[in-house]
Amino acid sequence: MTDATPPGAITWQVADVVAAWAESSTARTLRLHLPEPWTYLPGQHVDVRLTAPDGYQAQRSYSIGSSPADEGSIELTIQRLADGEVSPYLCDVLEVGDQIELRGPIGGYFVWRGERPVLLVGGGSGLVPLMSILRHLRRTAPDAPVRMIASVRTPGDLLYSGELGDDARLIYTRAGPPGWAEPPRRLRPEDIAAAAFDEGPAYVCGPTGFVDRAADLLLAAGYPADQILTERFGPT
Amino acid sequence: MTPRLRSRHELRLPRILRQATPARGHGGPPPPGQYYESGFPTLTVGPTPKVETAAWNLRVDGLVEHAIEWDWNAFKALPRSTFEGDIHCVTKWSKLGTSFSGVSVDELLALAQPKPEAKYVLATSVGGYTTNLPLADLVDGKAWIADTHEDQPLPREHGGPARLLVPHLYFWKSAKWIAQLRLLAEDEWGFWERNGYHHRGDPWQEQRYTGD
């Protein structure tokens, strides 16, 4: 039995949008006040439910990006999908003072319970749950060794760019910033070798292709399969 | 009160729903909270295993008269059948009108012969993934060991060479890289079921999480 999920039902509640800001050129962070607050573990997600005037509803899952130490509110970072049904509303229309329905926390597998050292490997919006881990680690275990690899298409796609830390290893797959020393490329074995620890878990989150590649490279670098925690999203 | 959308935004019905053809699948709206997805997303716990057919075995054991293990050739010699319809993932996507073929679990159980006290099944995958199901959800033409998807060998990322297929439940019950079905008298929780997800997972009842 896990302590990640409260016993009983995970109930819907109406959350207030108390702040919102652009997190990248294509993503927005919402800070939400929960009238019925719950505790959560870094890595968990929530389900968001939107209801149209005619009653039609749509649900999506979004990872929590904030630290559980920030009591009273949670932050979700929403990647705007051009063809999306829900994300354009959350990114472009929803305003501070509006309300949305959500329920959580959900998931007891891709969670950080204080393990150390920690390797974080994120692609695109896969950085969101990793940011929750990084923020919480800095708050609760600032001496714990942690390394971050972030792979994004362009600098404009990088989430939390001011918070990743100077030692984060950045990979640009389409175009780097002006003066970037290397051409666009994918994640490579040497990226994993430079960041790998001899022990502890690796958390990998991102699009399916990225996660599969990263997981295979981690296996090749000697990480046991059960120490490679993955969260995949997006179509194949 | 349920908050409604601001009027200047409309939730757009996904294209595939508008084009749904009643000839395959049920053709109506998806289960509650689901949307139709034209692709076939991949969701896996940890790295994707590499399972060669030469090393593949399927074992049915526990509360059965005859514990049986099939290798790939023996499995391929069993009578085959096809499922055509929809599948539903707890992460909200449903795939409309797809097909899988393989061996009905009924065929395996006819050979293994469940004992009367067998009420539950724990399915185990290569790599250790598990999921639990009532035996009643695996019989009477509702479940398969599928090795073929839309007339092609089941791709590795979708559980190839063979996966459990239980299309009337959320798809985490359809364990990829299936290795074992163990029949039990008492329910034994599987991986996601220990991690906050519902024990049965009926999409039409929206049984996503513990307590739903």
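Predicted model: local features only at pLDDT ≥ 70, side-chain atom pairs only at ≥ 80, totals over all residues.
**View 1. The β-α-β unit of chain A.** Helix α4 (residues 208-220) of chain A, together with β10(A) and β11(A), makes a right-handed β-α-β unit. Strand β11, spanning residues 228-233 of chain A, is mostly covered, with 5 of its 6 residues buried.

**View 2. The largest nonpolar core.** This core holds 70 residues. Those touching the most other members are Leu130(A) and Tyr203(A) from chain A, and Val60(B), Ile145(B), Leu164(B), Ile178(B) and Leu181(B) from chain B. With 7 residues, helix α2 (residues 127-140) of chain A gives the most to this core. Another core lies apart from it and has 26 residues, including Leu30(A), Tyr40(A), Ile78(A) and Tyr89(A).

**View 3. Surroundings of Val60(B).** Leaving aside residues up to four places away in sequence, Val60(B) touches His66(B), Ala67(B), Ile68(B) and Trp70(B), among others. Leu181(B), like Val60(B), is listed among the core residues that touch the most other members.

**View 4. The annotated span of chain B.** An unreviewed UniProt entry assigns residues 46-192 of chain B the annotation "domain: Oxidoreductase molybdopterin-binding". In the model, the end C-alpha atoms of residues 46-192 of chain B are 13 Å apart.

Definitions and conventions. Residues numbered from 1 in each chain as written. Chains lettered and ligands numbered in written order. Heavy atoms only, no water. Buried < 20%, exposed > 50% of the residue type's maximum accessible area, 1.4 Å probe, protein only. Helix = DSSP H or I, 4+ residues; strand = E, 2+ residues; numbered from the N terminus. Right-handed = clockwise from strand over helix to strand, strands pointing away. UniProt positions renumbered as here; feature names shortened; annotations may be inferred. Core = buried A, V, L, I, M, F, W, Y, C linked by side-chain atoms within 4.5 Å. Contact = heavy atoms within 4.5 Å.
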